Structure formats: C-alpha cells, structure tokens
Amino acid sequence: MHPDDETFGRLRAGEAHLRLMATSDLHGNLLGYDYLSDRPAPGAGLAALAPVMARLRAGPGATLLFDNGDVLQGTPLGEAGTGGPGPMPVAEAFRALGYDAATLGNHDFDFGLAAVRRFAAQAGPAVVLGNLVQADGTSVLPPVALLEREIADGAGVRHPLRVGVLGLTTPGVARWNAHHFPGGLSVTGMAAAARRRVPALRAAGAEVVVVLAHAGIDPAATAPGAENAALAVAEVEGVDALVAGHTHLAFPGPDHAAARAVDPAAGRLNGRPATMPGAGGRALGVIELALVRDGGRWRVDGGHGRLVRPGAASGEAAGDRALSARLAPAQSAALARIRRPVGESRVALHTHFAALGRAPAVQVVAEAQRLWLAEAVAGTEWAGLPVLSAAAPFRAGGRAGPAHFTDIPAGPLQARHLDDLYPFPNALRALVLTGADLRRWLARSAAAFARLAPGARDAPLLAPGVRAYTLDMIAGVTAEIDLAAPPEDPARLRRVLRHGREVAPEARFLLATNSHRLAAGAAPAEAVVPLPRPVTNRETLDALAARGPLDPPSAAAFAFAPMPGTTAILATAPGARAHLADIAPFAPEDLGTDAEGFLRLRLHL
C-alpha cells in the first residue's frame with residue numbers, strides 16, 4: 001500500500017479523499033514509440049501511464065483524470081486526423097482511458113481551430129478553455145465544466161460531489177498561431193481569467209475547483225499576460241488544486257527550488273496542492289485532496305501533489321496492451337508514413353555543433369526555405385533582392401538531455417528524417433529587411449553566448465538557460481561575434497559579412513523564416529511579403545529532398561573573434577565524436593562525458 005492510501009483507512013463519517021490524476025505535454029506520445037529513430041521507447045507515453053491510472057483507481061477513494069494540453073503535436077500518431085475529417089487517435093485514447101476533463105496547450109492550435117474543435121468533439125471528456133475567445137467575443141470552447149460525481153465518506157455513505165474545472169492556455173498562442181485565425185483571437189491573462197471564472201464556478205455549485213493551467217512555475221512571471229503564470233493562478237481565491245505544464249519540467253521535485261510560494265517537498269504552490277508531470281508521458285501527476293462535509297457540502301481540508309512513474313518491476317512500463325491494440329491500425333499507418341522514402345543526403349545531417357554555427361541539419365532547412373522563396377518571388381517586385389534564410393536548431397540538447405540531438409547519417413532518407421529536421425507545422429514567412437534589421441536579428445543569437453574574459457580557461461560557451469531554438473542562423477551571411485563583449489552590448493556583433501564584405505545598413509534583402517519566429521516579434525509586420533500560396537516549412541524540405549541528394553552549404557553561420565589562449569567548454573552529444581573534423585579550427589579536445597551524459601569538448605578560441 002502506498003503511504004497516501006493509508007489515510008483512507010482513518011477516514012470517519014463526513015470525511016473523504018479525492019485523488020486527481022493528470023497528464024500534460026504528452027505531445028502525441030501515446031504508445032511509447034520514438035518515431036524519429038523508428039524504435040520502441042518503453043516507460044514513456046500514455047500506454048505506460050495507463051496501468052498506473054488503473055492501479056490508483058483501484059485504491060480507496062474517488063479519482064478523476066485530466067489532461068493539461070499540448071497533446072496533439074509531436075508524433076505522427078498524435079497528429080493523425082488533425083489535417084481533415086476522420087478519427088483522431090488522441091481522442092480515441094482519451095475515451096478509452098476515461099478522461100474526465102482536459103484543456104489545450106499552445107501547440108494544440110498548431111493545426112488550426114477546426115482541428116481543435118474536432119478533437120474536443122471526439123475526445124469524450126469536457127475540453128475547456130476559459131481565457132481565449134474569438135474576435136466576435138464567442139468562446140473557442142466552453143470555458144469551464146461542472147462535473148457531477150459521487151464520493152463515499154469514511155462511513156461508506158455515498159454523497160454527490162460537484163467538481164468545477166477551469167482550463168487556461170498559454171497567452172502567447174494568440175500570437176504564435178495568429179496565421180490560423182485571420183479574424184483574430186482575444187486572450188486574457190491566466191490569473192485575470194481565473195479571478196473571473198472561479199467565483200462563477202463556485203456560484204454554480206462547485207465544491208472543489210480544479211484549474212488546468214498550461215503554464216510553467218516562474219516566481220518572476222507577474223505581468224498580466226505572463227507565459228508561465230502558474231503561481232499567480234494558484235494565488236487566486238477559490239482555487240483548490242492546480243495542474244501546471246508547458247515548460248516540460250516536473251513538480252514536485254528538484255526541477256523547482258523551494259521559495260516563498262513554492263513547496264517542492266509537499267507539492268504545493270501558494271499553499272494550493274499542485275503538480276506538473278513533465279512531458280512525453282514519463283510521469284503521472286497526482287493530487288491528493290482531503291474533503292470534509294460542512295453544512296451539507298464538501299470542502300477541501302488540505303492536500304498535496306506528487307508524481308507517480310511507471311514501475312519497471314511491476315510491468316507497468318511495458319504499457320497497456322488494450323490501448324495498444326485499440327490504436328494498432330492508426331499506429332500501422334503512422335509507421336508506414338515515417339518509413340516512406342523521400343530521397344537521400346550526401347552528408348550527415350546533425351546539430352552537434354549548432355552552438356558553433358556549424359549544423360548541417362539547420363543549414364539544409366535554411367537552404368530549403370531559401371530555394372522555395374526564391375522561386376516563389378520570381379517575376380515579382382521582390383525578384384531582384386538577395387534571398388537569405390533564417391533557421392534554428394530544434395533538437396540540440398539542453399534540458400531535454402544528450403539524446404536530444406539530430407544525427408541523421410548520410411545515405412537514404414525517410415520521412416521520419418525530415419520530421420527530425422523540422423518537427424513543427426510552422427508556416428513559411430518572407431520579409432523584406434535591411435542590413436540594419438539583420439544586425440538586430442543576429443544580435444539576439446549573439447546574446448546566447450556567455451561573456452568570456454580573454455585568457456579564460458574552460459568557461460561554458462553558452463549563457464545559462466539558453467534554448468537552442470533561439471539560436472537563429474541566417475544562411476547567406478556570416479556573423480562575427482566578440483565573446484569578450486557583454487551580451488547586451490551592440491558591439492558584441494562585430495560584423496555581418498556577405499561574400500566576405502560587410503553588409504551595409506541600408507542594403508535590402510528578402511528573408512525566409514517561420515510563422516512562430518515572426519509572431520515572436522522578430523520583425524515589423526509591414527515587412528512581411530505575401531506568398532503565392534500557404535506553405536509550411538516542412539513542405540519546403542519535402543520539395544528540396546525531391547530535387548535530388550541533399551548537400552547543404554558548409555559555410556559557418558557564426559565566426560568568433562580570435563581570443564588567443566582562451567578556451568571554452570561545449571556540451572554536446574557523445575555522437576559528436578564522429579564529426580569532430582567539422583570543427584577542426586577549434587582544435588577540440590574530448591574531456592569525456594559529464595554526469596548527465598553530455599560530451600564535454602574543450603574548444604580553443
């Protein structure tokens with residue numbers, strides 16, 4: 001018996017225990033399969049969590065099951081059905097496992113509003129969203145749900161129980177996916193939406209209020225439209241329990257340090273029981289609530305959050321056979337899709353040295369975008385402008401670990417390899433920019449590097465907390481970066497070179513990028529160039545692969561100003577050892593792997 005189950009035996013009349021189970025950021029991981037490498041991934045995915053859910057449901061007390069968003073995007077199986085009418089495997093899995101309610105994450109909108117509504121119609125549980133409305137004021141989905149359930153008290157007497165559920169999505173979705181909503185969307189900050197919706201839920205009869213907030217835990221996120229506002233939501237009067245997510249971190253646990261409003265030992269945020277179950281279905285978030293009868297109604301009298309992971313010894317990690325069988329036809333179709341031959345590559349496509357501006361996997365994406373755009377503007381007023389292309393590494397380590405790198409060998413390519421190169425359904429965008437605009441764009445990439453004192457030895461190359469996907473490389477130009485200058489100093493970006501010459505501030509270029517980068521405010525809206533037809537960045541890769549063998553340009557996107565006697569440490573994947581010749585100018589030294597499994601390379605600057 002789990003220690004949390006022991007409290008059930010001590011319950012008296014008028015006392016009950018409610019267990020809330022939650023998933024978040026599944027990103028299409030239903031069956032524990034790595035579609036990029038085409039092999040099983042035991043111990044992950046919804047199928048691995050299903051036996052855990054069954055075990056917890058078999059225990060004393062009542063249970064409810066929720067999902068906190070970002071479930072559709074991420075795997076071919078999860079994305080099946082998002083492009084048009086037809087069954088959606090994610091919805092089928094939710095029905096099979098008996099979810100009670102769910103909300104949406106920002107990536108669930110990557111396929112447009114129609115896909116979101118089809119999912120909500122097929123899923124079975126109530127899919128709620130309380131802080132996003134259309135331009136005409138109508139809700140995208142119902143903002144809340146009131147679940148009518150029963151629960152037994154310690155004397156065995158069953159009583160009705162009303163649980164109110166509020167869903168909140170990341171405010172940035174209105175910008176990041178604006179291209180899917182020509183009429184526009186109106187978003188309310190998470191805490192403000194909770195302050196409005198929670199009292200209404202209470203007035204409607206909710207005895208327990210659960211908030212599903214697709215947001216991370218950040219004590220500094222106090223602005224009204226903050227992205228990771230879970231703490232602000234937990235502070236709202238009337239909230240009994242909170243499920244957080246979005247950042248792919250785990251709570252409770254070491255991912256979040258103890259602070260005034262953060263109790264990682266007890267699993268509470270601002271005193272409210274909370275959980276954040278990480279990503280990919282590797283853990284189930286669980287919130288234990290103690291209930292007492294008071295004036296003929298239930299009220300919450302304490303609780304805590306915890307995480308439960310599939311047990312290898314118990315066989316849970318092997319997954320749920322019934323769910324696997326139910327999804328077998330859809331899985332077969334997904335595997336057939338990822339194994340479709342699409343071409344070949346003359347070189348290995350990897351991101352091991354993306355932080356050095358040398359990443360064939362990124363360069364091929366940039367080249368695909370550049371060629372498509374150059375052909376699209378032929379015969380237009382923009383045809384005479386030089387075409388550049390901005391791309392960034394999506395899989396280049398970081399907190400996802402040393403296995404999170406792209407490393408595609410030279411030779412035949414399958415569709416899964418193109419998914420690896422570009423995992424998101426972003427839309428291609430084109431901009432007219434000046435040389436001065438390019439400098440501002442590249443200054444953000446230059447700020448990703450740590451400041452190094454001349455003569456320093458073995459300092460980390462990247463600044464703490466840098467995310468690889470912010471490290472834009474612009475094919476067609478080379479940025480020269482002075483690592484001795486502060487990151488915020490404009491002089492850190494020494495020069496921007498094209499064909500060996502400094503780019504003039506007044507020079508004009510056509511730049512290919514993606515809808516997400518544009519929505520993040522990378523360029524003014526008036527710079528956007530209309531394209532002849534909508535196209536995704538993935539489609540440009542398909543078109544390039546169909547032309548013939550991939551052989552991306554080998555020019556580096558970054559160059560560092562020489563710093564004799566200075567060395568820096570790059571953390572990369574052990575697989576980088578096979579490609580050290582790519583960075584020979586840095587005279588790399590293999591220092592072995594660290595405790596997390598990253599390969600440490602000493603670079604001579």
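Let's start with a pair you can find on screen: Glu 375 and Arg 547, whose side chains meet in a salt bridge, 2.5 Å from N to O. Glu 375 sits in helix H11 and Arg 547 in helix H15, which covers residues 537-547, so this pair ties together parts that are 172 residues apart in sequence. One thing to keep in mind throughout: what we are looking at is a predicted model.

Is Glu 375 buried or exposed? It counts as exposed, at 51% relative accessibility; the cut-off for that word is over 50%.

If salt bridges are new to you, here is the general idea. Side chains of opposite charge can pair when their charged atoms come close. How many salt bridges does a search of the whole structure find? The search gives 25. Some of them share partners: Glu 480, Asp 482, Arg 494 and Arg 495 are joined into one network that way.

Let's stay with helix H11 for a moment. Another salt bridge there links the side chains of Arg 370 and Glu 367, at 3.1 Å from N to O. Both residues lie in H11, residues 360-376, and they are three residues apart, about one turn of the helix. Arg 370 is partly exposed, with a relative accessible area of 24%, while Glu 367 is buried, at 16%. The line between those two words is drawn at 20%.

Now for a salt bridge between other parts of the chain. Arg 202 and Asp 240 meet through their side chains at 2.6 Å, N to O. Arg 202 belongs to helix H7, residues 190-203, and Asp 240 to the loop between helix H8 (230-234) and strand S12 (241-243), so the pair ties together parts that are 38 residues apart in sequence. Arg 202 is partly exposed, with a relative accessible area of 27%. Asp 240 counts as buried, at 12% relative accessibility.

At 1% relative accessibility, Thr 540 counts as buried. Which residues is Thr 540 in contact with, leaving aside its neighbours within four places in sequence? They are Ala 368, Gln 369, Trp 372, Leu 428 and Val 535.

Next, a pair of helices. In general, two packed helices are described by the angle between their axes and the distance between the axes. Here, helix H2 (residues 46-58) packs against helix H4 (residues 89-97) at an angle of about 20°, and their axes are 11 Å apart. That makes H2 roughly parallel to H4. The crossing of H2 and H4 is right-handed. Zoom in on the side chains and you can see who meets whom: from H2 there are Leu 46, Ala 50, Met 53 and Arg 57, and from H4 there are Ala 93, Phe 94 and Leu 97.

On to a sheet. It is an open sheet of four strands, in the order S25-S33-S35-S34, with mixed pairing. Which strands are at the edges? Strand S25 (459-460) and strand S34 (589-593) are the edge strands, each pairing on one side only.

Let's walk along strand S33. S25 and S33 run parallel and are joined by two bridges; there, Ala 459 stands opposite Ala 568 in S33. Strand S33, residues 567-572, and strand S35, residues 599-604, run antiparallel, with six bridges joining them. Two facing pairs to look for are Leu 570 opposite Leu 601 in S35, and Thr 567 opposite His 604 in S35. S33 is mostly covered, since five of its six residues are buried.

Last, some backbone details. As a general rule, most residues other than glycine have a negative phi, and most peptide bonds are trans. Now look at His 246: it is not a glycine, yet its phi is positive, about 80°. His 246 lies in the loop between S12 and S13 and counts as buried, at 12% relative accessibility. Ala 587 also has a positive phi, about 45°, although it is not a glycine. You'll find Ala 587 in the loop between S33 and S34, where it counts as partly exposed at 39% relative accessibility.

And where is the cis peptide bond? It joins Phe 251 and Pro 252, with omega about 0°. Pro 252 lies in the loop between strand S13 (250-251) and strand S14 (262-263).

Definitions and conventions: Residues numbered from 1 in each chain as written. Predicted model: local features only at pLDDT ≥ 70, side-chain atom pairs only at ≥ 80, totals over all residues. Heavy atoms only, no water. Salt bridge = Lys/Arg side-chain N within 4 Å of Asp/Glu carboxyl O. Buried < 20%, exposed > 50% of the residue type's maximum accessible area, 1.4 Å probe, protein only. Pairing = 2+ DSSP bridges. Axes fitted to C-alpha atoms, helices over the stretch in contact; angles between N-to-C directions. Parallel < 35°, antiparallel > 145°, perpendicular 65-115°, else oblique. Left-handed = near helix turned anticlockwise from the far one by under 90°. Contact = heavy atoms within 4.5 Å.
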